[in-house]
Amino acid sequence: MMKKMLQNNRAIFATYPIAVFVFFALLLGVSVYMNSVYDVSHDEIQDPTYIANSLQKDEKVRAIVAKRNDPITRVIYQPVKKNDAQELVLANAHSAIILDAESGTIMWDKNSTERRAIASMTKLVTAMVVIDQVRNLDEIVTIPESVMSIEGTKVGCPTSVICNSPRLQVGEKVRIRDLLQATLMYSANDAATILGIHISGSEENFASLMNVRMKELGAANSHFCRPSGLELDVNEESCYSSAYDIARVVAHLLQHDKYNVLWDIMRTNEATFTSVDGDITHELKNTDRLIGDMPNLIGAKTGFTPRAGYCLVLAATDQTKKHEVITVVLDDIHRFDDVQVMSQWAFDNYTWR
């Protein structure tokens, strides 16, 4: 018995050198293969063609990393409140929010999810859906008769009773780009309504697109009824949004390059556009009073109806141009002053890491 065990042990020990040899042979083979694939000789490194190819690869990598909105490579900075941060008191607004555009962090809020009328700030959602739906902003639109009796601000008429430049004419042909300008700069109800009808056939159908889009953005406290933001004659309480939801919309518009045209429009103080045949010229003036007075302004959109009160949403950047803050006030008679205070408070009392 003992003799048999000794024989077995000798057999086992005899296989050890073979196993070790095979293992190191495999390591050597892998090493040689890796060197043949990845090793670059000194002469190759000095070769101009190799250098040029390497530089091209480096440029491609830098281009990818530089893509601001690339979900994989972009760095997300988080706002962190400073230890000595001052309290913000905003007595005028019934609802308000300060939102960090990049991270979606709520930096300060007051009743920000409360469902309220937001008036013409609705037109930001209208413009977003237009950009989503339309391939060519120079597409031509024919002005329908149905918008002639619309109430409130219209192209050429800052109020229902005052007109200081030509109105849109029935049958006139204009471009979608021009209607977007009138919608965002002049807050023209006819322009927004025409866009909705042109894209969806009716205000109701377009409002459905708006509501679907808001759900996609995770905005749970919004239900839009008309592309202009005007309330319905009946059941007006069914048309609402919130400070938080509209801030989410603005953050989305900031994060995607296809919406840059909207920000260019919102930063424009005055403009004109003509009908396609060149016969009629329309004048536009921005309703945002902060253009030219607020150096770090990215863009803003106003809103007012008796039910909604004075509303404003604004996007601003810090001095480094790296961080963007969105401020929203609903039903605030001092809206232009308050959004400036809110923006400055955010940059003074937060740091980004």
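Q: Which cysteine does cysteine 157 pair with in a disulfide?
A: Cysteine 157 is joined to cysteine 163, with 1.9 Å from S to S. A disulfide here is a pair of cysteine sulfur atoms within 2.5 Å. Before we go on: this is a predicted model, where local features need pLDDT of at least 70, side-chain atom pairs count only at pLDDT 80 or more, and totals for chains, interfaces and linings use all residues. Residues are numbered from 1 along each chain as its sequence is written, and side-chain values use heavy atoms, with hydrogens and water left out.

Q: Is the link of cysteine 157 and cysteine 163 right-handed or left-handed?
A: Right-handed, with 95° about the S-S bond.

Q: Why does cysteine 157 count as buried?
A: Because its relative accessibility is 0%. Buried means under 20% relative accessible area, exposed means over 50%, and partly exposed lies in between (1.4 Å probe, protein chains only). Cysteine 163 is at 47%, so it counts as partly exposed.

Q: How many disulfides does the structure hold?
A: Two. The other link joins cysteine 225 to cysteine 239, at 2.1 Å from S to S. It is left-handed, with -105° about the S-S bond. The pair links distant parts of the chain, 14 residues apart, and both cysteines sit in the loop between α7 (203–216) and α8 (243–255). Helices (H or I, at least four residues) and strands (E, at least two) are DSSP runs, numbered from the N terminus.

Q: Are cysteine 225 and cysteine 239 buried or exposed?
A: Both are buried.

Q: New topic. How many cavities of 30 Å³ or more are there?
A: One. On a 1 Å grid over the protein atoms alone, a cavity is a set of points where a 1.4 Å probe fits but cannot get out; a pocket is an open set with protein on both sides within 12 Å along at least five of seven lines; lining residues have an atom within 4 Å of a point.

Q: How much space lies in the largest cavity?
A: About 100 Å³. Grid points are joined across faces, edges and corners, and a volume is the space filled by probe spheres set on the points. The largest cavity is lined by 15 residues, and the closest to its centre are Thr122, Phe224, Gly229, Cys239 and Tyr240.

Q: And how much space lies in the largest pocket?
A: About 450 Å³. Its lining has 22 residues, with Thr153, Pro158, Ser187, Thr287 and Phe304 closest to the centre. β8 gives the most to that lining, with four residues.

Q: What classes of residue are in the lining of the largest pocket?
A: Seven nonpolar, 12 polar and three charged. Ala, Val, Leu, Ile, Met, Phe, Trp, Tyr, Cys and Pro count as nonpolar, Asp, Glu, Lys and Arg as charged, and the others, Gly among them, as polar.

Q: Now the strands. How many residues of strand β2 are buried?
A: Six of the six, residues 95–100, so β2 is largely enclosed by the rest of the structure.

Q: Which residues point one way from β2, and which the other?
A: Ser95, Ile97 and Leu99 point one way, and Ala96, Ile98 and Asp100 the other. In a regular strand the side chains alternate between the two faces of the sheet.

Q: Which way does β2 run relative to strand β10?
A: Antiparallel, with six bridges between β2 and β10 (residues 324–330). Two strands pair if DSSP finds at least two bridges between them. Isoleucine 98 stands opposite threonine 327 in β10.

Q: What about β3?
A: Four bridges join β2 to β3 (residues 106–110), again antiparallel. Isoleucine 97 has aspartate 109 as its bridge partner in β3. The two strands form a hairpin with five residues between them, and glycine 104 in the turn has a positive phi of about 80°.
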